[in-house]
Amino acid sequence: FDCNRRCRIGNSVFTEKGKQTISWNGVAGAESYKLYGSKTGTDSEFLASLTDDDAKVDENGVKTFSFVNKKVKSGTWKYYVKAYGKDENGDISAIAGSMKTYAAVFGNKTYTNAGSVEYKDEQITLAEGKSVKKTAKIVSINDAKKLANGSTIKKVRYYSSNDEVAKVNAKGRITAVSAGECFIYAVAANGEWDAVAVSVAK
């Protein structure tokens, strides 16, 4: 997904026995990406650097990057990505970053991960200045365990693809700002997400 905040890079974590695969979308202007991660409770470490040569490109030209972390043995891991490109002076610098994602390792006895995130509605229409609360549901991989979400984030994080059209707060309340269309994303700790399309009318 894409949003107009610091989280322009949407990253997700897929957990299997003995490994976690971190995937993210490419962003315009980026020449390289650096992935950082570690077991929660420890300082993040540099894990990998990827360039366009490492990308998978679909039929629409969308670039996707991925890295397999085989260091995961226990606990819950956290990850984030930084994109680097040329700034207005032609110097290489960080131009975008991702949110942090959290994922329990395979076989964790206490924590599990989101299998999916689901909005009840696919599309809503609001008049300028009006608001409505739309919360998304997390479908857990194992209901008998707690969801791994670190200690600093909500179970679901909400983002707007365009705050000038519609804003969303931490509780999922969407407020129409001005006429147009955008998406509101609901994102679980491990990066699983769903979106509702928002049309704002005058």
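In what follows, Ala, Val, Leu, Ile, Met, Phe, Trp, Tyr, Cys and Pro count as nonpolar, Asp, Glu, Lys and Arg count as charged, and the others, Gly among them, count as polar. The structure described here is a predicted model.

**Cavity and pocket**

A search of the whole structure finds one cavity of 30 Å³ or more, and the largest cavity holds about 60 Å³ of space. Its lining is made up of Tyr102, Thr112, Asn113, Ala114, Ile138, Leu147, Ala148, Asn149, Lys155, Ala188, Ala189 and Asn190, which divide by class into seven nonpolar, four polar and one charged residues.

The largest pocket, for its part, has a volume of about 470 Å³. Of the 29 residues that line this pocket, Val13, Phe14, Thr15, Ala114 and Asn190 are the closest to its centre. Two or more lining residues come from each of the elements β1 (11-16), β2, β10 (111-112) and β11 (114-118), and β1 gives the most, with five residues. By class, the lining of the largest pocket has 11 nonpolar, 16 polar and two charged residues.

**A residue in strand β2**

Thr21 belongs to strand β2, which covers residues 19-25. Because its relative accessibility is 16%, Thr21 counts as buried, the cut-off for that class being under 20%. When neighbours within four places in sequence are left aside, Thr21 is in contact with Ser12, Val13, Phe14, Glu16, Ser66, Phe67 and Val68.

**Aromatic rings**

The model has eight aromatic pairs, and two of these pairs are set out below.

| Pair | Centre to centre | Angle between planes | Class |
|---|---|---|---|
| Trp24 and Tyr33 | 6.3 Å | 55° | tilted |
| Tyr185 and Trp193 | 5.5 Å | 70° | edge-to-face |

The planes of Tyr185 and Trp193 stand at 70°, so the pair is edge-to-face, since planes over 60 degrees apart fall in that class.

How values were computed. Residues numbered from 1 in each chain as written. Predicted model: local features only at pLDDT ≥ 70, side-chain atom pairs only at ≥ 80, totals over all residues. Heavy atoms only, no water. Phe/Tyr/Trp six-rings, centres within 6.5 Å; stacked < 30°, edge-to-face > 60°. 1 Å grid on protein atoms, 1.4 Å probe; cavity = no way out; pocket = protein on both sides within 12 Å on 5 of 7 lines; lining within 4 Å. Points joined across faces, edges and corners; volume = space filled by probe spheres on them. Helix = DSSP H or I, 4+ residues; strand = E, 2+ residues; numbered from the N terminus. Buried < 20%, exposed > 50% of the residue type's maximum accessible area, 1.4 Å probe, protein only. Contact = heavy atoms within 4.5 Å.
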